[in-house]
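Thanks for making the time this morning. Please have a look at the model on the screen before I talk through two parts of it.

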Amino acid sequence: MIDRTAAIRRPSLLRRVTAENSAVRRLDALMLVAVAGLSVIGTLLVWSSTRTWAPGSTGLVKKHILNETLGIVVCAVVATVDHRAMRAYAPLVFLMSLIGLGLVITPLGATINGSHSWILLGGGFAVQPSEFAKVGLLLIIAMLLAQPAEGSDRPRALDIWLALIAAFVTMGLVMLQPDLGTALVLAVITASGLVVAGVRKRWIAALAVVAGAGVFAVFYFQLLEPYQVARFTAFVDPSVDPRGVGYNSTQSMIAIGSGQLLGKGLLGGGQTTGRFVPEQHTDFIFTVAGEEFGFLGSVTVVLLLGVVLIRGLQIARHCDDRFGTLVAGTIVCWFAFQAFVNVGMTIGIMPITGLPLPFVSYGGTATFANLIAIGLLQAIRVRRQSFN
Amino acid sequence: MMRMRARLLVLHVLVVTMLVVLAVRLWQVQVVRGHEFVTRATETRTRTVIVPAVRGQILDSHGRPLVRNKTALVVSVDRTRLTRMPDGGMKVLRKLSAVLGRPVAELQQRITPCGPGVSKPCWTGSPYQAVPLDEKVDTREALQILERQEEFPGVTAEVHSVRQYPGGRAGAQMLGYLQPVTEAELEKREGLKASFSGVDLVGRDGLEYVYDEALRGKSGLRRVQVDRMGKALGVEEQTAPVPGDHLVTSIDSRVQAVVEKALARAMKSAPAADGGAAVVLDARTARVVALASAPGYDPAIWAGGISARGYQWLMSDKSGKPLVSRAINGQFAPGSTFKISSVASMLRAGYPLNGKYDCPGSVMVGGRAFSGFRGIPLGTLSLHMALVKSCDTIFYKAAYEQYLKDGGRNPKKVPKEVFANTARSFGFGAPTGVDLPGESSGRIPDRAWKKNLWNATHDVSCERSRKGYPEVKDRARADFLKRLALENCTEGFLLRPGDSANFSIGQGDVLVTPMQLARAYAALVSDGKVRSPRIGWALVRPDGTVVKTIPVPVVGKLPLNEKERHYIKDALSDVPSDGTAAGAFAGFPMNKVRIGGKTGTAEVWGKQDTSWFASFAPTKNPQYVVVVMVSQGGQGAQTAAPAAREIYEGIYGIKRPPAVPGGKLTTRLPQFAPDGTVEGQ
């Protein structure tokens with residue numbers, strides 16, 4: 001009697017976790033190790049770059065660690081959700097992100113560091129809805145494009161239009177802040193969704209032409225803020241104004257270059273200590289890695305980012321359903337774009353754009369959004385049907 | 001799904017490409033071009049600051065400072081940086097005005113370069129130089145500025161070392177002054193490693209100039225790490241400055257004070273006096289004990305940069321050109337003080353030392369009557385009495401006889417010129433070589449000199465002899481000048497009989513400096529050796545180590561044996577008691593300290609006489625030689641001799657505390673404690 005009841009009893013938690021086909025064992029451990037590595041490096045760099053703000057200043061590092069801890073919890077929660085169920089929530093998430101963006105424009109919004117993209121929560125905390133908007137947009141686009149047309153493996157035209165409208169509205173709200181960097185990430189998310197979903201090449205080509213015309217129009221009708229134009233000019237020739245716009249570019253190159261092969265050691269960077277590079281703990285955090293950890297350290301950061309991206313692409317390839325593949329593919333493109341632009345601008349191969357380096361830069365909302373995305377990737381991997 | 005996987009493969013390739021691009025670019029920036037960025041990082045991150053070395057002090061023979069340093073905090077503003085600001089630097093000036101407690105308008109005016117319509121206090125310096133706004137800020141104010149560099153861009157507060165003169169105006173010309181070194185000078189001095197900062201000073205005159213290299217030390221370098229705002233974070237590298245050596249001089253600052261006072265009083269006593277000098281030498285060593293020149297000035301005027309107006313005043317006739325040291329640059333006819341040389345000339349020409357010489361009221365020289373002082377005949381005199389009574393005619397006669405011996409107007413090929421050559425062996429006609437810059441050489445007019453002068457001037461004098469002097473109002477004077485021009489034109493190359501007579505009593509074209517006369521008397525009353533006087537005695541490191549003792553070089557020898565020297569010295573020893581200076585020394589306790597000396601009254605055309613007194617004391621084994629000269633001071637006994645008397649009274653403490661207790665000069669360098677303080681001070 002007793003034995004029979006024991007037989008139908010659920011296995012212990014430990015058994016379930018360690019069982020051959022348990023969800024935990026299906027997690028992508030390598031990707032998580034890479035994310036953890038980037039977070040640890042990021043924490044050290046935030047410490048190094050903010051400790052000189054005031055004697056014994058550790059406030060920002062503590063906040064950063066708190067953000068990361070909360071992010072890990074959020075990530076774990078997201079990873080337990082079946083991504084197919086998430087498809088049903090996608091419109092809701094998208095709508096909430098739009099509301100968030102809308103609130104920023106209302107008097108509830110706040111301006112921090114010259115960018116009107118915050119909602120203050122009190123207690124020194126603030127959220128940046130545009131970071132969540134990235135997740136919201138990629139979910140709604142994946143949802144729309146996951147349903148192929150009858151008898152075809154391409155999305156329906158109506159869904160494509162809806163996806164474009166969703167993208168346009170989101171980007172429009174972000175540009176009202178204005179936040180060109182995030183708007184570009186949203187564009188990349190949309191474009192990558194269309195590409196991965198198998199939209200016809202001529203559609204994609206047509207959209208590319210329209211986007212190109214749009215960029216031209218933006219420059220031609222001077223719709224950009226002067227500082228944004230100046231950043232591009234300075235990118236083309238940093239010597240134009242080495243004390244002004246070209247300053248960031250020049251100083252970040254000096255900081256990274258002076259790290260040489262082995263770097264000056266943690267807290268040993270004179271350029272970092274002297275705060276010659278602005279926004280060192282956020283957008284230009286890679287310069288701290290370059291100066292203090294040298295080529296070996298900065299290439300390690302790039303490699304860890306590469307591990308996250310390549311593993312993400314593998315998750316997308318091995319997923320059995322269109323929605324999961326789309327979500328994973330767009331997430332990878334988002335991170336890839338942001339990483340490339342961020343690192344690229346510090347070493348003079350991309351224009352200066354206000355984008356943080358995923359998992360490394362200081363920033364609560366961005367950390368949450370990034371870790372939610374990692375949670376999504378893990379959720380997709382855990383629930384795939386076939387192995388190998 | 002196949003299509004999606006194919007598209008994902010494209011993304012895969014893109015991502016890998018991106019990673020490779022980043023890695024390659026990082027290699028390029030950090031490894032290939034790393035060195036270049038390290039250099040640029042050092043440039044942006046560090047500032048090189050010149051740390052000026054503390055300049056050595058100038059001390060007197062007892063270690064009392066003649067020139068010392070005081071530190072002053074100076075707040076300066078970089079004008080060019082301020083004008084580049086959008087509001088013309090008004091914000092910075094307003095903040096500065098709050099810290100310094102001065103009105104903004106005043107600060108603004110002080111940094112505005114002077115020009116038409118801009119009145120004082122405007123900036124007289126270079127528009128590119130930092131303008132010192134306040135030279136007396138306290139530490140608290142300076143720290144307020146230094147700690148908040150980002151709020152005070154272009155404003156600096158630096159510790160500057162400023163020269164201080166405890167003796168005030170005393171010996172100002174001798175001590176000299178400092179001025180900022182120019183870029184060209186610095187490059188010449190330091191070569192390629194020169195880094196011009198504007199804080200380096202260089203001695204421009206006096207002892208500061210001569211001993212500049214030893215006094216200035218070596219400035220240090222500090223590489224300071226700064227942040228983006230220019231705020232100093234720490235010192236990366238530093239070479240400590242090497243402080244300059246102290247210059248110990250043989251000046252006794254108490255004697256110097258006595259001398260300055262006596263000279264000032266002498267200048268005041270003679271209404272027409274326009275300049276004066278006093279030299280006190282250690283008779284035994286020819287080291288300078290005191291050196292004064294009037295008019296004087298306060299050398300503090302140079303501290304922190306002199307204003308253009310101040311400089312012009314120093315150079316103007318109105319101030320009497322106080323920068324010029326009359327002691328080494330004042331060239332005047334020496335009058336009867338020169339007779340020591342003339343007596344020696346007679347002896348060398350063969351006149352007996354113990355002979356008897358007639359001193360008539362006047363003698364005929366070249367067909368012209370040359371009279372002695374007021375034409376009074378003094379009867380038959382020994383050379384001793386000739387000096388005591390200052391007879392002129394004996395010397396006229398002897399000089400004229402020697403002139404004729406040399407061939408007179410038709411000179412021999414190699415004339416002996418005993419008088420001129422003897423004067424040269426007394427050191428006249430050449431710089432003494434004292435350790436001061438720009439010394440004058442005086443003049444000994446001989447036949448060659450006349451010829452050179454004629455070569456240079458006969459064009460003018462011949463033209464004047466034809467055209468006359470129509471611009472001179474006084475008819476008689478114009479006629480005289482015309483006749484003189486004719487004489488100069490036709491026979492100006494000849495030494496005339498009158499020239500030789502004038503020479504013998506230190507008149508006419510003979511010029512000497514007070515320093516030359518002093519060292520000649522020092523040679524006469526000591527061992528007969530002509531020396532190059534020295535003010536510097538030793539160079540001493542701040543810790544008291546003696547780097548170098550400065551020797552007094554012997555540069556010549558008097559053409560007199562010991563007996564002859566003593567004879568002349570004995571004669572001079574009677575002058576203040578019985579001779580021409582008796583009046584000036586009336587009541588002086590000769591039984592306590594016996595003074596020897598010679599008065600001199602040199603005529604200067606169109607001006608008052610130059611008053612001289614050359615003296616020594618005590619007459620037995622002299623310790624001091626004192627020479628006083630007052631230009632336009634009248635007779636020697638009237639102005640210069642009383643000043644010399646006052647100097648001796650001060651030295652020996654007659655009716656007052658003595659400047660040199662016991663009257664004996666120190667022969668031992670002051671002793672320094674290891675911390676640089678002077679023992680017994």
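Is the crossing of H18(B) and H19(B) left-handed or right-handed? The crossing of these two helices is left-handed, a term used if the near helix is turned anticlockwise from the far one by less than a right angle. Please keep in mind that this is a predicted model, in which local features need pLDDT of at least 70 and side-chain atom pairs count only at pLDDT 80 or more, while totals for chains, interfaces and linings use all residues. Residues are numbered from 1 along each chain as its sequence is written, and chains are lettered from A and ligands numbered from 1 in the order in which they are written.

H18 of chain B covers residues 447-467 and H19 of chain B covers residues 475-491, and they pack at an angle of about 135° with their axes 8 Å apart. That angle makes H18(B) oblique to H19(B), since angles under 35 degrees count as roughly parallel, over 145 as roughly antiparallel, 65 to 115 as roughly perpendicular and the rest as oblique. Among the residues that meet, H18(B) brings His458(B) and Arg464(B), and H19(B) brings Lys482(B) and Leu486(B), where contact is taken as C-beta atoms, placed from the backbone, within 7 Å.

Turning to chain A, there is an open sheet of 3 strands in the order E1-E2-E3, with antiparallel pairing (pairing needs at least two DSSP bridges between two strands). E1 (109-112) and E3 (125-127) of chain A stand at the edges with a single partner strand each, so one side of each has no neighbour in the sheet. E2(A), residues 115-122, pairs with E3(A) over 3 bridges, and Gly122(A) stands opposite Phe125(A) in E3(A).

How values were computed: Axes fitted to C-alpha atoms, helices over the stretch in contact; angles between N-to-C directions. Helix = DSSP H or I, 4+ residues; strand = E, 2+ residues; numbered from the N terminus. Contact = placed C-beta atoms within 7 Å.
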